[in-house]
Amino acid sequence: MCEIKIGATKYKVVANLQVIDPAARGVVMGEVDYPRCLITLLGPLNKTRKEETLIHEVLHAIFFEAGYLEHSEEMVDRLTPFLYSFIKENNLDKLFDEVNRN
């Protein structure tokens with residue numbers, strides 16, 4: 001588990017390593033619990049999927065903390081690869097190192 005700060009709010013990031021039937025959850029690989037300030041990465045994910053999922057869920061939390069209570073999954077899906085590549089291509093791997101320790 002690690003902790004990240006989004007705006008003024010600290011979120012815990014945890015990996016739920018239980019094997020979850022993909023049919024039961026669809027293609028959901030992560031989730032944000034806003035009241036508990038918790039980001040959960042679901043099921044066994046490879047390194048790249050885990051990192052992409054973290055970025056995806058962080059974007060949801062950023063929108064939420066910025067006051068956008070309604071934001072589309074499509075918008076987050078479109079932004080995720082750009083933010084992910086920005087972090088990777090600019091050697092901002094510290095965040096990923098922390099999450100991959102879990």
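Two exercises on a predicted model follow, each with a worked solution.

Residues are numbered from 1 along each chain as its sequence is written, and side-chain values use heavy atoms, with hydrogens and water left out. In this predicted model, local features need pLDDT of at least 70 and side-chain atom pairs count only at pLDDT 80 or more, while totals for chains, interfaces and linings use all residues.

**Exercise 1.** Find the strands that pair with β4 (residues 38-42), and state which residues of β4 are buried.

Solution.
1. Strands are DSSP runs of E, at least two residues, numbered from the N terminus; two strands pair if DSSP finds at least two bridges between them.
2. β3 (residues 30-33) pairs with β4 in the antiparallel sense, over four bridges. V32 has I39 as its bridge partner.
3. β2 (residues 9-16) runs parallel to β4 and is joined to it by five bridges. Here V14 is the bridge partner of T40.
4. Buried means under 20% relative accessible area (1.4 Å probe, protein chains only). L38, T40 and L42 point one way, I39 and L41 the other, and all are buried.
5. Five of the five residues of β4 are buried, so the strand is largely enclosed by the rest of the structure.

**Exercise 2.** Check the span of helix α3 (residues 73-89) and locate its bend.

Solution.
1. Helices are DSSP runs of H or I, at least four residues. The expected span is 1.5 Å times one less than the number of residues.
2. For the 17 residues of α3 this gives 24 Å, which agrees with the 24 Å between its end C-alpha atoms.
3. The bend at a residue is the angle between axes fitted to the seven residues ending there and the seven starting there. α3 bends by about 30° at L79, and P81, a proline, follows within four residues.

Definitions and conventions:
Buried means under 20% relative accessible area, exposed over 50%, partly exposed in between (1.4 Å probe, protein chains only).
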